[in-house]
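Please look at the structure below with the sequence beside it, and follow the chain slowly as you read.

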Amino acid sequence: MRIESEKYGGRCACGRDHAMATRLCVIEAGASEQLEQYLTEAGLDGLRRCAVYDEHTYAIPELRHPGAEQEIVLDPRGLHATEVSTAEVLRQLRPDIQVLLAVGGGTIHDIVRYCAKDRGLPFVSLPTAASCDGFCSTVAAMTWEGYKATMTCEAPILVAADLSVIAKAPAYLTASGVGDMLGKFVALADWRMAHLLTGEHFCQRIHDIMADATRRIWDNCLATRQGDLAAYEAVTYGLLMSGLAMQMMGSSRPASGGEHHISHLIETEPLGLGVHSDALHGEKVGVGTVLASNEYHRLTACEDVRGHVLPYAQVDLDWLRDYFGEKPWPAAYSENEHDCLAQVTPERLTECWPEMRRIVASIPEGETVRQRLQALGAKQSLTDLGVPEEKLPELLRISPLIRNRLTLMRTRRMLDL
């Protein structure tokens, strides 16, 4: 399967020009063996390459290592996309390198896409597992100086997804990718509601691409448990299309809403929360989707919101400092100083409530999502993530403060429900 990414660029009915950096995505068994051909098609042949792996990826038996003038192999122990890991790659990177190759999962890709941006180099994506939806994205969710932040980076010029490698990856990695994608049910609803409440820019084409990608994964993910190569192709296609939709938008808006913010809060590990989870990002997002869906359906069970709408009040920024701690405090402050929720008036929220209820009705019930995750063998609960269940009210209350993005979870501050 080939995705000619350039056809998604250009002038759109939404009024914007969608710029596409990715030229070609190939999803097929043996794609890594045909890499030289694809590099030529993408105009990257003849360039001096550096391939970046971690030790686990480097040792994958099914993986054919791409030809490269330099290889950087990172220690996988405690490896995350941070200022530390990116600095290590940049330290080792030879000055004569002309193109970077990311060989691995989401963490390696986020590290490489940041380094590509820093050095002004093109990069190529060689995913080894269907573990996340960020392979084609222009943004990276990175933990920077203790705070989970979405940072603008580089999208790959070329993606070569070898199904013979991806299908052999541990099942929990595929489950993580599926969890990341199921969050789009919530994220797309949040985007639609934000557009309704404030007129935030909305692109129907991007929405529909993301919705189709999510539905494909919902319909096909369980067959990956039997090693069905066609199912892996469908899941990988959905993940790549999600990244391309983010690329079209120029942000993670179509892919990240209230469910992702739960994951990001846990990953930031603020002092006040007092929890730590070694679960993968997509595993946290899958659980976050269950929790967000449950809460959104609970809120919108109220038919008439009159009498339950509160005036806007800014979050206490001094309290925010105590909660997050000194290191992540500046980033937390910047996300809440100019609160997007301030654009919403009680009158507008009351007026929009009936349509918001219809939008939330499009999100699968939390129990339905949980059952799908269970059938996939994925993590389904806070307990599975190593987070005490009694932290749920706090997660729902604090998680929207991690990102200045209008979601129904953030709008809860104006609802007495």
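**The sheet and its strands**

Alanine 51 has leucine 101, in strand β7, as its bridge partner. The model you are looking at is predicted, and for that reason local features need pLDDT of at least 70 and side-chain atom pairs count only at pLDDT 80 or more, while totals for chains, interfaces and linings use all residues. Residues are numbered from 1 along each chain as its sequence is written, and side-chain values use heavy atoms, with hydrogens and water left out.

Strands, like helices, are DSSP runs numbered from the N terminus, a helix being H or I over at least four residues and a strand being E over at least two. Two strands are said to pair if DSSP finds at least two bridges between them. In general, the strands of a sheet pair through backbone hydrogen bonds, either parallel or antiparallel.

Strand β5 (residues 49-54) pairs with β7 in the parallel sense over 4 bridges, and β7 also pairs with strand β8 (residues 123-127), again in the parallel sense, over 5 bridges. From β7 the chain crosses through helix α4 (residues 106-119) to β8, and this β-α-β crossover is right-handed, a term that applies if, with the strands pointing away from the viewer, the path from the first strand over the helix to the second runs clockwise. Strand β7 (residues 99-104) is mostly covered, since 6 of its 6 residues are buried, where buried means under 20% relative accessible area, exposed means over 50%, and partly exposed lies in between (1.4 Å probe, protein chains only).

These strands belong to an open sheet of 7 strands with mixed pairing, in the order β1-β4-β11-β8-β7-β5-β6. Because β1 (2-3) and β6 (70-74) stand at the edges, each with a single partner strand, one side of each is left without a neighbour in the sheet. Elsewhere in the sheet, 5 bridges join strand β4 (residues 24-28) to strand β11 (residues 158-162), and these two run parallel; the bridge partner of cysteine 25 in β11 is valine 159.

**Two helices**

In helix α12 (residues 317-324), the residues Leu317, Leu320, Tyr323 and Phe324 are buried. They cover an arc of only 110° around the axis (taken from the directions from the helix axis to the C-beta atoms), which puts them on the same side of α12. Asp318 and Asp322, on the other side of α12, are exposed. Just after α12, glycine 325 takes a positive phi of about 95°.

Alanine 175 has its place in helix α6 (residues 171-182) and is buried, with a relative accessible area of 4%. Although alanine 175 and lysine 379 are 204 residues apart in sequence, they are 8.3 Å apart in space, C-alpha to C-alpha.

**The cysteines**

How many disulfides does a search of the whole structure find? The search finds 0, a disulfide being a pair of cysteine sulfur atoms within 2.5 Å. The sulfur of cysteine 136 is 3.8 Å from the closest cysteine sulfur, in cysteine 25, which is too far for a bond, and cysteine 136 counts as buried at 0% relative accessibility. For cysteine 14, the closest cysteine sulfur is that of cysteine 12, at 3.8 Å, likewise too far for a bond.
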